[in-house]
Amino acid sequence: MIARHRRDRAYLAFLGHRISGIGLAVFLPLHFIVLAEVLAGEAALDSVLAFTAHPVVKAMEWLLLVLVCTHLIFGLRLLMLELRPWRGRGADRRGWILPGLILALAVGTAAMLGAV
């Protein structure tokens with residue numbers, strides 16, 4: 001049985017922030033490994049650029065951008081929760097969750113459409 005608080009939108013925003021943070025933490029070492037590979041020379045750069053042209057890599061780039069936007073938006077939501085004065089039970093803050101997620105998906109999609 002799932003506890004009531006785990007079905008709340010605020011808990012889902014918490015999970016979205018944590019999972020996107022973990023995804024970014026996994027990405028960062030891989031990014032440094034690829035950058036180190038590129039420093040090996042022109043042939044290595046060409047092979048990395050050819051690899052990044054693959055559709056699966058393009059989809060992963062989109063996912064990365066959505067993760068960054070999700071982490072940023074939900075992180076800003078947490079800052080607002082901490083810095084703004086509390087009024088009531090916070091129902092007005094729950095209204096920020098869905099628009100934030102939609103904004104993250106829209107920014108990711110707009111960026112990928114512009115990059116294609």
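Student: Is Leu-49 buried, partly exposed or exposed?

Tutor: Buried means under 20% relative accessible area, exposed over 50%, and partly exposed in between, with a 1.4 Å probe and protein chains only; because its relative accessibility is 49%, Leu-49 counts as partly exposed. This is a predicted model, in which local features need pLDDT of at least 70 and side-chain atom pairs count only at pLDDT 80 or more, whereas totals for chains, interfaces and linings use all residues. Residues are numbered from 1 along each chain as its sequence is written, and side-chain values use heavy atoms, with hydrogens and water left out.

Student: Where is Leu-49 found?

Tutor: Helices are DSSP runs of H or I with at least four residues, numbered from the N terminus; Leu-49 is found in helix 2, residues 42-52. Its C-alpha atom is separated by 9.3 Å from that of Val-38, 11 residues apart along the chain.

Student: Which residues does His-17 touch, leaving aside those up to four places away in sequence?

Tutor: Contact means heavy atoms within 4.5 Å, and with that exclusion His-17 touches His-71, Phe-74, Gly-75 and Leu-78. His-17 lies in helix 1, residues 9-38, and counts as buried because its relative accessibility is 15%.

Student: With which side chain does the side chain of Ser-20 make a polar contact?

Tutor: A polar contact is a pair of N or O atoms within 3.5 Å; within protein, one must be able to donate a hydrogen and the other to accept it, and residues adjacent in sequence count only if both atoms are side-chain atoms. Here the partner of Ser-20 is the side chain of His-71, at 3.1 Å. Ser-20, found in helix 1, counts as buried at 1% relative accessibility.

Technical notes: Helices (H or I, at least four residues) and strands (E, at least two) are DSSP runs, numbered from the N terminus.
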